[in-house]
Amino acid sequence: MSISHLVANNLEIPVSNIIQEVQTRYHEALNSVLKKARVLPLKAPIELIFNKLIKYFHQHHEEAENYVHPFPTRIFDQFLLIEMKSREHKVTTYNQREGIYMVRSPIQVSGTGNNVYTLQLNNKSCSCRKWQTYSLSCSHVLAVCRENGSRTDTYVPEIYSRQTYKKTYQANFHPVLSENFWRDVPFNLTFYPPNMKNERGRKQGKQFQREMVYRNPDFPPRYGRCRMLGHNRKNCNNPGPSNV
């Protein structure tokens with residue numbers, strides 16, 4: 001999930017917390033990859049990351065070579081859904097020279113819809129904010145393109161193109177030679193085993209603390225047993241709730 005997506009959907013949360021949340025998710029993703037190798041010597045996680053990276057790049061490069069659409073599969077499928085949704089919109093031209101249009105969404109069975117959006121085609125902005133947030137044309141853009149006869153893929157940025165996707169995964173990797181072929185270095189590396197003590201019981205995996213939890217300052221946390229402010233399991237002497 002991108003930072004722009006979190007900002008668009010969590011406007012009341014500070015941006016610093018959103019950035020910390022993105023970093024936490026990145027750490028959790030990396031931790032899940034190394035979960036089986038993190039207790040092994042340092043060489044094992046490095047080889048695991050390197051081999052997974054080679055496999056990942058090779059897989060996506062082969063997919064990019066076989067694409068028949070102007071966009072990657074995930075972007076193209078999303079583009080088709082947006083295009084189908086745009087067929088139900090009604091477009092009113094306000095100023096074609098400056099690219100200003102009004103787009104009205106259809107009325108849904110539930111009674112929702114019938115919303116009005118202002119689209120500025122020349123400035124690449126829409127009042128729904130999806131175009132600015134994702135840089136991918138929203139349904140209102142496609143509806144306007146159908147109205148004025150312009151190509152719908154004209155307003156899709158280059159980052160979503162098949163060529164960009166292909167260039168991303170065209171990196172070349174080379175096998176790592178055996179230690180017998182390594183060049184000598186002018187210093188010595190001495191490694192000592194870590195001082196570890198095996199404890200009883202089942203080992204618990206470590207989990208990164210999430211800093212995205214946002215609390216309203218008007219409602220401070222309460223202890224779950226007595227519902228009092230400032231109480232916790234150590235200093236609370238109040239009896240728990242009755243089961244009767």
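These are my notebook entries on one predicted model, taken feature by feature.

**Entry 1: ground rules**

I note that the model is predicted, so local features need pLDDT of at least 70 and side-chain atom pairs count only at pLDDT 80 or more, while totals for chains, interfaces and linings use all residues. Residues are numbered from 1 along each chain as its sequence is written, and side-chain values use heavy atoms, with hydrogens and water left out.

**Entry 2: the whole chain**

I looked up the secondary structure first. The protein chain has seven helices and four strands. Helices (H or I, at least four residues) and strands (E, at least two) are DSSP runs, numbered from the N terminus. Along the sequence I read the pattern α-α-α-α-β-β-β-β-α-α-α.

Next I looked up burial. Buried means under 20% relative accessible area, exposed means over 50%, and partly exposed lies in between (1.4 Å probe, protein chains only). Of the 244 residues of the protein chain, 23% count as buried.

Then I turned to contacts, meaning heavy atoms within 4.5 Å. I took those with a separation of 6 or more in the protein chain; residues 24 or more positions apart account for 46% of them.

**Entry 3: helix α4**

I checked the length of α4, residues 73-86. The expected span is 1.5 Å times one less than the number of residues. For these 14 residues that gives 20 Å, and the end C-alpha atoms are 20 Å apart, which agrees.

Which residues of α4 are buried? I found Ile75, Phe76, Phe79, Ile82, Glu83 and Ser86. Seen down the helix axis, the buried residues fall within an arc of 120 degrees, so they line one face of α4. The arc is that of the directions from the helix axis to the C-beta atoms. The buried residues of α4 pack against α6 (139-148). On the other side of α4, I found Arg74, Leu81 and Met84 exposed.

**Entry 4: the sheet**

I traced an open sheet of four strands in the order β1-β2-β3-β4, with antiparallel pairing. Two strands pair if DSSP finds at least two bridges between them.

I then followed β3, residues 116-120. It pairs with β4 in the antiparallel sense over two bridges. Gln120 stands opposite Ser125 in β4.

**Entry 5: the cores**

I looked for nonpolar cores. Each is a set of buried Ala, Val, Leu, Ile, Met, Phe, Trp, Tyr and Cys residues joined through side-chain atoms within 4.5 Å. The largest has 15 residues. Those with the most contacts inside it are Leu119, Leu121, Cys126, Trp131, Val141 and Val144. β2 (100-104), β3 and α6 each supply at least two residues of this core. α6 gives the most, with four residues.

I listed the contacts of Leu119, leaving aside neighbours within four places in sequence. Among them are Gly99, Ile100, Tyr101, Trp131 and Val144. A second, separate core has nine residues, including Ile75, Phe79, Leu136 and Leu142.

**Entry 6: salt bridges**

How many salt bridges does the structure hold? I found five. A salt bridge is a side-chain nitrogen of Lys or Arg within 4 Å of a carboxyl oxygen of Asp or Glu.

Glu47 and Lys43 form one of them (3.8 Å, N to O). Both lie in helix α3 (residues 43-65), four residues apart, about one turn of the helix. Glu47 is partly exposed, at 40% relative accessible area.

Glu83 bridges to Arg87, with the closest N and O atoms 3.0 Å apart. Glu83 counts as buried at 18%, and Arg87 counts as exposed at 56%.

Arg97 and Glu98 form another salt bridge (3.6 Å, N to O). Arg97 is exposed at 70%, and Glu98 is partly exposed at 39%. I also noted a network: salt bridges that share partners join Glu83, Arg87 and Arg146.

**Entry 7: His174**

Where does His174 sit? I placed it in the segment after α7 (162-168). His174 counts as exposed, at 63% relative accessibility. His174 and Ile54 are 120 residues apart in sequence and 9.6 Å apart in space, C-alpha to C-alpha.
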